[in-house]
Amino acid sequence: WCFPPTDRSLVFAGSMSGFFVSDNAGLNWLPIDGPWNTTDASGALLRRGPRAVTFDPALPDTGIAAFPITADVAYARVYRTTDRGATWSAVTSLPGTGGSPLNVRFIPGAIVIVTDSTVYRSTDNGSTWTETATGLPAGRVITDFDGSINGSGSLLYVTAETQARIDLGFRNLYRSTDGGVSWTRCGNTGLFANASIPVAFAWLAVSPASPTVLYATVTGGDSAPSAYPQGRSFYRSADSGSTWTPVLFQD
């Protein structure tokens with residue numbers, strides 16, 4: 001789902017059955033056809049939907065739609081609009097080995113796209129892309145990506161780990177303070193009574209108004225503290241992922 005910053009009645013959505021837009025806050029939807037659609041062996045139309053759509057907070061009519069790798073297209077395709085989604089044009093696609101996009105963010109001076117295996121930055125509006133994954137584990141699998149900007153810059157976050165460690169129940173959270181150029185592990189203070197038990201971060205949500213505030217789902221660690229025997233799995237951090245407070249208790 002994506003809402004352009006200046007028009008909350010306008011909604012874009014990607015799905016397995018295509019790229020859609022609503023101009024009345026989701027009451028009605030129309031498909032957006034374009035060069036991202038393909039045909040099967042019989043010539044039947046196959047509508048494709050983007051994995052991520054995001055608009056630029058600084059230039060709210062400018063947006064990016066990133067389409068995933070599919071069985072018939074072996075690279076992630078990227079399209080840009082400068083008229084609030086009325087028309088879309090292709091920009092340079094991501095390298096073929098870079099995986100399918102998870103999310104995209106506009107930050108001052110760059111566009112950052114994170115795929116399920118790496119991070120790409122463009123400083124020329126998508127004409128060229130550079131892989132920037134310094135600090136992330138080699139052979140990684142990335143689960144989620146989010147971030148936002150404020151007056152002092154941007155903060156970006158990913159959950160990532162090697163497949164072998166995911167199989168053992170680990171998945172770490174990483175933070176970038178330089179626009180996705182490099183990444184460092186976040187903390188886990190407050191998450192568990194027993195931090196030696198495998199921990200796996202999963203889904204992320206970052207406050208659009210304050211990038212130091214984020215939420216994460218977590219498994220592992222002390223899943224049944226004595227005060228809340230039903231368990232806890234949803235946490236909030238107000239200091240960029242250094243310390244955490246549980247905010248959802250479920251049975």
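Is Cys 186 buried or exposed, and what is its relative accessible area? Cys 186 is buried, with a relative accessible area of 11%.

The views below come from a predicted model, in which local features need pLDDT of at least 70, side-chain atom pairs count only at pLDDT 80 or more, and totals for chains, interfaces and linings use all residues. Residues are numbered from 1 along each chain as its sequence is written, and side-chain values use heavy atoms, with hydrogens and water left out.

**View 1. Cys 2 and Cys 186 are both buried.** Buried means under 20% relative accessible area, exposed means over 50%, and partly exposed lies in between (1.4 Å probe, protein chains only). Cys 2 has a relative accessibility of 6%. A search of the whole structure finds zero disulfides, a disulfide being a pair of cysteine sulfur atoms within 2.5 Å.

**View 2. Trp 36 and Tyr 79 form an edge-to-face pair.** The structure holds 13 aromatic pairs. Rings of Phe, Tyr and Trp (its six-membered ring) pair if their centres lie within 6.5 Å; planes under 30 degrees apart count as stacked, over 60 as edge-to-face and the rest as tilted. The ring centres of Trp 36 and Tyr 79 are 5.0 Å apart and the planes stand at 80 degrees, so the pair is edge-to-face. This pair links distant parts of the chain, 43 residues apart: Trp 36 is in the loop between β3 and β4 (38-39), and Tyr 79 is in strand β8 (residues 77-81). Strands (E, at least two residues) are DSSP runs, numbered from the N terminus. Trp 36 is buried at 2% relative accessibility, and Tyr 79 is buried at 5%.

**View 3. Phe 201 and Trp 244 form a tilted pair.** Their rings lie 5.6 Å centre to centre, with 50 degrees between the planes. Phe 201 belongs to strand β18 (residues 199-206) and Trp 244 to the loop between β20 (232-237) and β21 (245-249), so the pair ties together parts that are 43 residues apart in sequence. Phe 201 is buried at 4% relative accessibility, and Trp 244 is buried at 4%.

**View 4. Seven residues form one aromatic cluster.** Its members are Phe 12, Phe 19, Trp 36, Phe 55, Phe 67, Tyr 79 and Trp 88.

**View 5. Arg 165 lies over the face of Phe 170.** The distance from the ring centre is 4.2 Å. A charge sits over a ring if NZ of Lys or CZ of Arg is within 6 Å of the ring centre and within 35 degrees of the ring normal.

Conventions:
Helices (H or I, at least four residues) and strands (E, at least two) are DSSP runs, numbered from the N terminus.
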